[in-house]
Amino acid sequence: MKILGIETSCDETAAAVVEDGVRILSNQIASQVEIHARYGGIVPEVASRQHILAIIPIIEQAMAEAKATWSDLAGIAVTIGPGLAGSLLVGVNVAKAIALARGLPIMGVNHLEGHIYANWLTDRSIDFPSVCLIVSGGHSDLVLMKGHGNYVVLGRTRDDAAGEAFDKAARILKLGYPGGPAIEQAARAGTASIQLPRAWLKGTNDFSFSGVKTALLRLVEGGKVSSQADAAASFQEAVIDVLVTKTVAVAKEHRVKQILLAGGVAANGLLRQRLVKNSPLPVLIPPPVLCTDNAAMIAACGYYRFRAGKIDGLSLDVIPGLKLA
Ligand code: KG4
Ligand code: ZN
């Protein structure tokens, strides 16, 4: 059963065809990173215009790579939120147009749920319950997943998301955009020798990353940072220390079968290594290209929604502030 996935929530225009929710037949991504890098961050107006230019060619490429025709498809899955309204609208309207023209069912997918489902594309079996750590540019959520589509949010960030903190720290250190990969790259040449604070928020499963970012800013402004590489390594260490410690604690507390890592920050090598090393439970992590935004994860999630009968009508609309649970 083949599902076409479409993703336009932020700055990647993506389309993919996935079979039975697990096998990637194609995975096309048109990144706008170079365009937004000029501005040091995403410009929403520019993003939606780029999606309009890229969406049809990307869908055609995904269908061609999968060697699929419209009549091979069982349905279309599209991200409806959370994300930028003008960007989401492009994907949702194209998905609705194809669904109407071809008489295909359409499944609106929560982008965060999509990130979790990237784990179903890893060829490993997944048992419930699981704890998922979703760390992206907009979210840092610890979620208990009891079954397909069944989530309890156990903790979330109270201020900056993990990816947002990486992006802001990179700006402070003048490392460029996007910040996560830039910090990781710079950190390779340094050691985590600078003491930065960790907000443990004891007694809760919540995160806070604005304090560590402000501490870094004060050090830089005070001329106390002599090595950019050491500062990047120290910042990365501080954020990952908290993410890993709290995730492992929550997984033990809820006696889950495994930990699933998801979201753009899950592409970070140190986070991947450290979580595997510190967890007594199995840890599943998608390959980096499936951690950052893509449409294969949306198609995988859409497949499970389709199987559960969660099919939407043509009145489907974007929900920019959509929550997981
Ligand atoms: O999931 P994603 O691609 O888009 C959102 O849904 O937000 O995540 C993007 C975030 C950005 O903040 C980016 O800096 C971060 O993921 N990121 C990383 C790495 N690659 C991407 N953070 C740390 N290390 C990385 N290697
Ligand atoms: Zn994302």
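This report walks through the ligand site, an aromatic pair and some backbone details of a predicted model.

## Where the ligand sits

Let's start with ligand 1.

What does the shell look like by class?

## Backbone contacts and cover

Now zoom in on the oxygen atoms of ligand 1. A polar backbone atom of Gly137 is 2.8 Å from one of the ligand's oxygen atoms. Gly163 also shows up here, with a backbone N or O atom lying 3.1 Å from an oxygen atom of ligand 1. For Asp293, too, a backbone N or O atom lies 3.1 Å from an oxygen atom of the ligand.

How much of ligand 1 does the protein cover? On its own, ligand 1 has 560 Å² of accessible area, and the protein covers 88% of that.

## A tilted pair of tyrosines

Next up are the aromatic rings, where the count comes to seven pairs. One of them is made by Tyr117 and Tyr304, whose ring centres are 5.4 Å apart. Why is this pair called tilted? The planes of the two rings are at 35°, and planes count as stacked under 30 degrees and as edge-to-face over 60, with the rest being tilted.

Tyr117 belongs to helix α4, while Tyr304 belongs to helix α11 (residues 296-307), so the pair ties together parts that are 187 residues apart in sequence.

## Backbone details in the loops

Finally, follow the chain into the loop between α4 and β6 (130-135), which is where Pro129 lies. The peptide bond leading from Phe128 to Pro129 is cis, and its omega is near -5°. Asp123 is found in the loop between α4 and β6 as well. Its phi is near 70°, which is a positive value in a residue other than glycine.

Where is the other proline to check, Pro178? Look in the loop between α5 and α6. The peptide bond from Tyr177 to Pro178 is cis, with omega near -5°.

How values were computed: Residues numbered from 1 in each chain as written. Chains lettered and ligands numbered in written order. Predicted model: local features only at pLDDT ≥ 70, side-chain atom pairs only at ≥ 80, totals over all residues. Heavy atoms only, no water. Polar contact = N/O pair within 3.5 Å; in protein donor to acceptor, adjacent residues only side chain to side chain. Areas by Shrake-Rupley, 256 points an atom, 1.4 Å probe, with all protein chains shown as cover. Phe/Tyr/Trp six-rings, centres within 6.5 Å; stacked < 30°, edge-to-face > 60°. Helix = DSSP H or I, 4+ residues; strand = E, 2+ residues; numbered from the N terminus.
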